[in-house]
Structure formats: structure tokens, C-alpha cells
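Student: Hi! Could you walk me through this one while I have it open?

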Amino acid sequence: MSTAVAPMSDVDTTSAKPLLTVDNLVLRYPVRGGYLEAVSDVSFQVARGETLGLVGESGCGKSSTGRAVMHLPPPTSGNVTLGGQRLTGLPRNELRAARRRMQLIFQDPVSALNPRRRVRDIVAEGLTIAGVAREAAQEKVTEMLRLVGMDIDIVGERRPHQLSGGQCQRVAIARALVLQPELLVCDEPVASLDVSIQGQVLNLLEDMRTELGLSMLFISHDLSVVHNISDRIAVMYLGKLVEMAPSDTVTRKPAHPYTRALLDAVPSHRDTEDHGTTLRGEIPSPMNPPSGCRFRTRCPIAQDKCATVVPELREIAPGQRVACHFPLHGDHDAAA
Ligand SMILES: Nc1ncnc2c1ncn2[C@@H]1O[C@H](COP(=O)(O)OP(=O)(O)OP(=O)(O)O)[C@@H](O)[C@H]1O
């Protein structure tokens with residue numbers, strides 16, 4: 001795995017009460033000639049203090065899942081519950097208040113920050129909107145910038161274009177955390193940063209999680225990044241979860257052929273030059289997904305049943321769930 005970060009905290013994901021519960025989430029976008037179902041019946045939980053990684057190829061519905069969790073836009077159907085409060089169906093003002101408990105970190109920090117505002121005002125924005133007095137807000141901003149490794153006396157007056165990409169992402173993280181959210185949805189938070197900076201930002205997110213007791217939904221197409229920061233990993237393909245398991249299980253003993261193929265695409269994970277399952281072809285359009293198992297058109301082990309029967313996400317080992325009629329067995333340990 002390429003990007004080094006601090007070791008994960010020991011979160012007991014089995015007994016901890018979930019902070020976030022997502023049930024049967026569906027998100028459809030209206031498009032010409034009908035609709036496109038970007039998220040199809042997705043269910044998962046995130047424990048308090050846990051990081052759940054969400055991984056899959058571009059276009060598989062990761063961002064849409066993150067946005068639907070935050071109700072930006074609200075899901076087409078399904079339920080999202082945060083700390084016991086059901087968000088789905090809340091009146092607009094209550095939803096706005098509930099959204100403060102969840103914050104989103106975007107891929108491109110530079111365009112996520114208002115170019116005309118100074119760093120101190122960007123970080124203070126949420127506090128100002130929430131009616132926190134100016135002096136108290138500035139104190140919190142100073143503290144939060146310090147937590148993300150920045151000195152307000154040095155960067156407070158600067159505007160985003162006067163900062164590097166990594167510094168902008170730190171400001172974005174400070175802005176998100178100043179409101180003391182319980183859940184951070186990180187959508188490809190390091191994808192636009194130099195590799196040398198990626199580890200620093202991942203370490204920062206990990207430190208913040210430990211220090212502030214945050215839960216994270218960490219979205220990335222890069223399995224090595226997701227593996228380093230996540231307690232558990234959910235693998236997504238064409239709008240559906242195909243595998244969900246503790247991070248090490250996913251990388252050492254993947255059960256779904258798609259997970260296997262994603263792992264084989266990570267250079268440091270291949271044991272030999274020609275080992276592995278190269279993903280064939282493109283991801284099909286979510287407007288017209290294959291019948292049965294959606295992965296079958298690219299699957300090296302597909303059989304007749306896969307064309308007709310939709311595989312359910314089922315537990316095949318403690319904590320490991322897979323949606324495949326013919327899951328792989330533990331014969332891949334040597335490749336991990
Ligand atoms: N606003 C929208 N209107 C219509 N279709 C959309 C919209 N946003 C996303 N999509 C489509 O929904 C599907 C899932 O997109 P999404 O961005 O959620 O995937 P992703 O896995 O996050 O990929 P990426 O990493 O490239 O963003 C794609 O087919 C995409 O083209």
C-alpha cells in the first residue's frame with residue numbers, strides 16, 4: 001500500500017451502537033428518457049468513532065451515496081438515521097439543523113473555498129450562521145486552525161489562492177470540524193493533492209477522528225488509500241454494495257471477484273506480473289444495468305445463475321458480507 005498513515009484506532013465495530021444507519025437507500029436522477037439509478041438499495045451502518053471506506057470505480061455511485069446520506073439531495077427512497085434521529089422526511093428547518101451534525105469534505109479544496117474570503121472568515125462561516133458571537137467564534141477558529149496544523153497569525157488573512165492545495169484542504173477540514181460534527185463524509189479528499197501531501201492530510205483526518213471521536217464515511221476509488229484509513233470497507237459496483245468487511249479482510253481475503261479485481265489493480269498488491277483478474281471492459285450504464293448480478297458481464301467466474309438471480313449481500317464469515325453466488329474462498333491469502 002503506497003500512502004503511509006498512522007495506525008488505525010481500535011474501534012469495536014461489532015458492539016458499538018451505530019451513529020449512522022442507512023437502510024435501503026435509493027437515489028435516482030431524472031435524465032432524458034427516464035431516470036438513472038445511481039444508488040440501488042444500499043444499506044450499511046457506521047459506528048461511533050468508526051471509519052467506513054466506500055470504494056469502487058468512477059461512476060459506481062460513491063459520491064451519490066455520500067450526498068444522499070447528507071440529503072443533498074434527499075434520497076429517492078430509503079432511510080437515513082443519525083444518532084437516533086431519522087433524517088428522511090424531516091421538515092426543511094429541522095433537516096438544516098441535523099445537517100450541521102454531518103459535514104462534507106470535497107475532492108477539490110481550492111474550488112470548495114470561497115476565493116474572495118479570508119481563511120479566518122471561511123473557517124468561521126458556520127459559526128457565524130449558527131449565531132455564535134464574533135469573539136467566541138474567533139477563539140474557536142484559532143483553536144481549530146491550530147488543530148489542523150495552521151497558525152492563524154500566519155494564514156488568517158490569506159485567501160485560498162495564496163495557499164497550496166494541501167493547505168486549502170486543511171482549511172476545508174477546519175471549516176467542517178469547527179461545527180463539531182459527529183459524522184464527516186470525505187469524498188475523495190486527497191485525490192487532487194500531490195502524493196507527498198496525501199499522507200499528511202490522511203494522517204490529519206485520522207488524528208481528528210481520534211481526538212474528536214468522529215465517525216467517517218471515506219469515499220475513494222483508491223483501495224490503498226481506503227485500506228489505510230478505514231476500519232471497514234464497503235465495495236460498490238454499479239449502484240450496489242458487493243462486499244463489506246473489516247479492512248484487512250477485504251485486502252487479505254476478498255470474497256467478491258470485483259473486490260479481487262480492484263485489489264489486482266493496486267500495483268503493490270500484485271504478487272506477480274501476470275497474476276490476477278484484469279477488469280474487462282467498461283462499467284455498464286446505470287440506466288440499463290445487467291440482469292441478475294450487475295458484475296456478471298465483467299466477471300471471470302460468472303455462471304448461468306448470475307444472469308437471472310440477483311445476489312443478496314449475505315454474511316459468509318464473521319463481519320464479512322458478500323453479494324455473489326460463487327464467492328471466492330481463502331485461497332488468495334498468499335497474494336495479500
Ligand atoms: N446530477 C446528476 N444527474 C444525472 N446523473 C448523475 C448526476 N450525478 C451523478 N450522475 C451519474 O450517477 C452515476 C454515479 O455517479 P457518482 O458521481 O455518484 O459516482 P462515483 O462513484 O462517485 O464516481 P466519481 O468518482 O467519478 O465521481 C454516474 O453514472 C453519473 O454519471
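**Domains and a helix pair**

Tutor: Eleven residues of domain 1 are in contact with ten residues of domain 2, where contact means C-beta atoms, placed from the backbone, within 7 Å. This is a predicted model, where local features need pLDDT of at least 70, side-chain atom pairs count only at pLDDT 80 or more, and totals for chains, interfaces and linings use all residues. Residues are numbered from 1 along each chain as its sequence is written.

Student: Which elements give two or more residues to the side of domain 1 that touches domain 2?

Tutor: Strand 2 (34–47) and helix 9 (223–229) do. Strand 2 gives the largest share, three residues. Helices (H or I, at least four residues) and strands (E, at least two) are DSSP runs, numbered from the N terminus.

Student: And where do the domains run?

Tutor: Domain 1 covers 18–236 and domain 2 covers 253–335, with bounds from an automatic or database domain assignment.

Student: New topic: at what angle do helix 4 and helix 7 cross?

Tutor: Roughly 30 degrees, and the axes of helix 4 (residues 119–129) and helix 7 (residues 165–177) come within 7 Å. Axes are lines fitted to C-alpha atoms, for helices over the stretch in contact, and angles run from 0 to 180 degrees between N-to-C directions. That makes helix 4 roughly parallel to helix 7, a label for angles under 35 degrees.

Student: Which residues meet there?

Tutor: From helix 4, Val119, Ile122, Val123, Glu125 and Gly126 meet Val171, Ala174 and Arg175 of helix 7.

Methods
Two residues are in contact if their C-beta atoms, placed from the backbone, lie within 7 Å. Angles under 35 degrees count as roughly parallel, over 145 as roughly antiparallel, 65 to 115 as roughly perpendicular and the rest as oblique.
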